[in-house]
Amino acid sequence: CAEPMREKGISWSRGHTHHRDDTVLSFTVFPEGGSRFPSFTSLAQYYVEHFLVERARTLDHLDIRWLNRLSGVRLNPDGVELTVETPDGTYRMQADWLVAADGAKSRVRSALGLAFEGDRLQDKFVIADVRCGVDFPFERNYWFEPPFYDGNSVLRVPQSDSIWRIDWQIDPRADTDSELAPDLVRQRLERMLGEDTDFQIEWVSTYTSEHRLMDSFRHGRVFFAGDAAHQFSPFGGGRGGNSGIQDADNLAWKLAAVIQGRAAERLLDSYDAERRPIAERNLADSKKSTEFITPKSDHSWGFHDAVMNLAKVAPFAKSYVNTGRFAVWPVLENSPLSLPDSEGFADLARPGTPVLDCPLLSADGQPAWLADQIGDDFTVVTYGPTPAGGAALLSALSAAFPTRSISIGAAGASDEGHDFRDVDGAFARLYGAEPGTTYLFRPDQHVLARWRQFDSARIAVAVRRTLGLIGIGLNGIGLEQEKAR
């Protein structure tokens, strides 16, 4: 799905926060460079879903059932029984596993009587997609107490198809139907865009924010992902959508390994152990942003006003201006799967870190990217040729668990026997690599372990430990033999 999403989406890098007529903060979201893809791509949810459905249609073992409505869920010791309603009648379905990715109002969660703790905020916003011919700078702008609107805040961000998404805060006691009256919406947009501006309103609605979190993302043979498991306010950039994608990325390879008999079922417990702390951090960041944008107490209002006024004259105060922190792909801190780190490494690419992309050159001279070489399987990356004898055990390991190995030669080196070359030394810089440095990546492109020297027995133990299979022989090689080697 990545290429069509990038082609349809947009990227912008600059943003500004204003207080009345003054600009209190200007920033660059993410620096570009070093990766195959832009730092981030902004794309409306309906396009994301469209490309996902189009991709799903091409998968042989995936069945899309439209107009099917889940009406009942019953847990069994060895599976889940679903009751599904359709226009043609009701049917039952037996599943070994169930992933509930059915949104904030999850029917699965409700059917199982599971709590979704949190609160619904009183703040209310109007959101409008507007097509207009004004040549605004392709940047994000957020206003507090804007001179062109009587409310507390306004947000304007660019979208695909020459659309500008504009949010403005309204009184939480206001009648929704009145606030969405076409004449009032147009009147307010004319003040924001200019009375002489020609524009079309493509869509308009209201929203309020909720902060909620399940106590566990796994309940027996049912897993919860995305908004069904956690809910954040939309302030910032993509926390909800990105978190859902990360949940799926984390769970899919683990579930596949268990279903295929390649891993012990206890591997699935790591889904909640890794993803719920990330949701907790996102929730904390989301609450901080919400409290700054719409303060709820005299203390918060005092802090908000002090920051706004100080930021105009004191650079240190700019870092406290918070209209939403942008989502980043998080490090899996304290993951039960990550192996203890080896000594002598910098902190940048420690275990739990997602792959840091960089350009490579293939053995036949073709440009390539590191991230394209990692994923789906466990991947061993060595800096320099794989030592003699190492390939044999890796081959045995791959026979039991999908494992692949690539070697990267140093930039400018003349040695042979590598699959790729470090074009400009980027891999060495990002990964603190020197001859012999070895990284082991998980199927979801996170660092699982790293060593200063290639050691095939350690790699084998690391993969089997991750899959919960320590103690089971691998092609006649038992655990004690591996330790001895």
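Me: How do the residues of the lining of the second largest cavity divide into nonpolar, polar and charged?

Reply: This is a predicted model. In it, the lining of the second largest cavity splits into three nonpolar, three polar and three charged residues.

Me: How is empty space found in the first place?

Reply: A probe the size of a water molecule is rolled over the atoms, and this shows where empty space is left. Here, a search of the whole structure turns up three cavities of 30 Å³ or more.

Me: How much space lies in the second largest cavity, and which residues line the second largest cavity?

Reply: The second largest cavity holds about 40 Å³ of space. Its lining consists of Gln246, Asp249, Asn250, Arg275, Trp329, Pro330, Leu332, Asp444 and His446.

Me: Where does the largest share of that lining come from?

Reply: From helix H6, which gives three residues.

Me: Now the largest cavity. How much space lies there, and which residues line it?

Reply: The space in the largest cavity is about 60 Å³. Look for Ala44, Tyr46, Tyr47, Asp129, Gln159, Ser160, Asp161, Ile163 and Arg165 around it. By class, that lining has four nonpolar, two polar and three charged residues.

Me: Which elements each supply at least two residues of the lining of the largest cavity?

Reply: Helix H2 (45–56) and strand S11 (163–170) do.

Me: On to a pocket. What volume has the second largest pocket, and which residues line it?

Reply: The volume of the second largest pocket is about 200 Å³. Thr17, Leu25, Phe27 and Arg140 are among the lining residues. Lys318, Ser319, Val321, Thr323, Gly324, Arg325 and Phe326 line the second largest pocket as well. Sorted by class, the lining has four nonpolar, four polar and three charged residues.

Me: Back to H6. At what angle do helix H6 and helix H7 pack?

Reply: Read the angle together with the distance between the axes. H6 (residues 239–259) and H7 (residues 269–293) pack at about 170 degrees, and their axes are 10 Å apart. That angle makes H6 roughly antiparallel to H7, because angles over 145 degrees count as roughly antiparallel.

Me: Which residues in H6 meet which residues in H7?

Reply: On the H6 side, take Arg239, Ser243, Gln246, Asp247, Asn250, Leu251 and Lys254. On the H7 side, take Ser270, Tyr271, Glu274, Arg275, Ile278, Asn282 and Asp285. By class, this H6 contact with H7 has three nonpolar, five polar and six charged residues. Gln246, Asn250 and Arg275 are also in the lining of the second largest cavity.

Me: Next, sheets. In what order do the three strands S3, S4 and S5 form an open sheet?

Reply: The order is S3-S4-S5, and the pairing is antiparallel. Strands S3 (69–76) and S5 (89–95) are at the edges with a single partner strand each, so one side of each has no neighbour in the sheet. From one strand to the next, the twist averages 20 degrees.

Me: Over how many bridges do S3 and strand S4 pair?

Reply: Seven, with S4 covering residues 79–86. As a landmark, leucine 75 has valine 80 in S4 as its bridge partner.

Me: Where is arginine 74 found, and what is it in contact with?

Reply: Arginine 74 belongs to strand S3. Set aside its neighbours within four places in sequence, and arginine 74 contacts Gly79, Val80 and Glu81. Compare leucine 52: arginine 74 is 22 residues from leucine 52 in sequence, and their C-alpha atoms are 29 Å apart in space.

Me: What is the pairing in the open sheet S6-S15-S14?

Reply: The pairing in this sheet of three strands is mixed. S14 pairs with S15 (residues 222–224) in the antiparallel sense over two bridges. There, histidine 219 stands opposite valine 222 in S15.

Terms used: Residues are numbered from 1 along each chain as its sequence is written. This is a predicted model: local features need pLDDT of at least 70, side-chain atom pairs count only at pLDDT 80 or more; totals for chains, interfaces and linings use all residues. Side-chain values use heavy atoms; hydrogens and water are left out. Axes are lines fitted to C-alpha atoms, for helices over the stretch in contact, and angles run from 0 to 180 degrees between N-to-C directions. Helices (H or I, at least four residues) and strands (E, at least two) are DSSP runs, numbered from the N terminus. Angles under 35 degrees count as roughly parallel, over 145 as roughly antiparallel, 65 to 115 as roughly perpendicular and the rest as oblique. Contact means heavy atoms within 4.5 Å. Ala, Val, Leu, Ile, Met, Phe, Trp, Tyr, Cys and Pro count as nonpolar, Asp, Glu, Lys and Arg as charged, and the others, Gly among them, as polar. On a 1 Å grid over the protein atoms alone, a cavity is a set of points where a 1.4 Å probe fits but cannot get out, and a pocket is an open set with protein on both sides within 12 Å along at least five of seven lines; lining residues have an atom within 4 Å of a point. Grid points are joined across faces, edges and corners, and a volume is the space filled by probe spheres set on the points. Two strands pair if DSSP finds at least two bridges between them.
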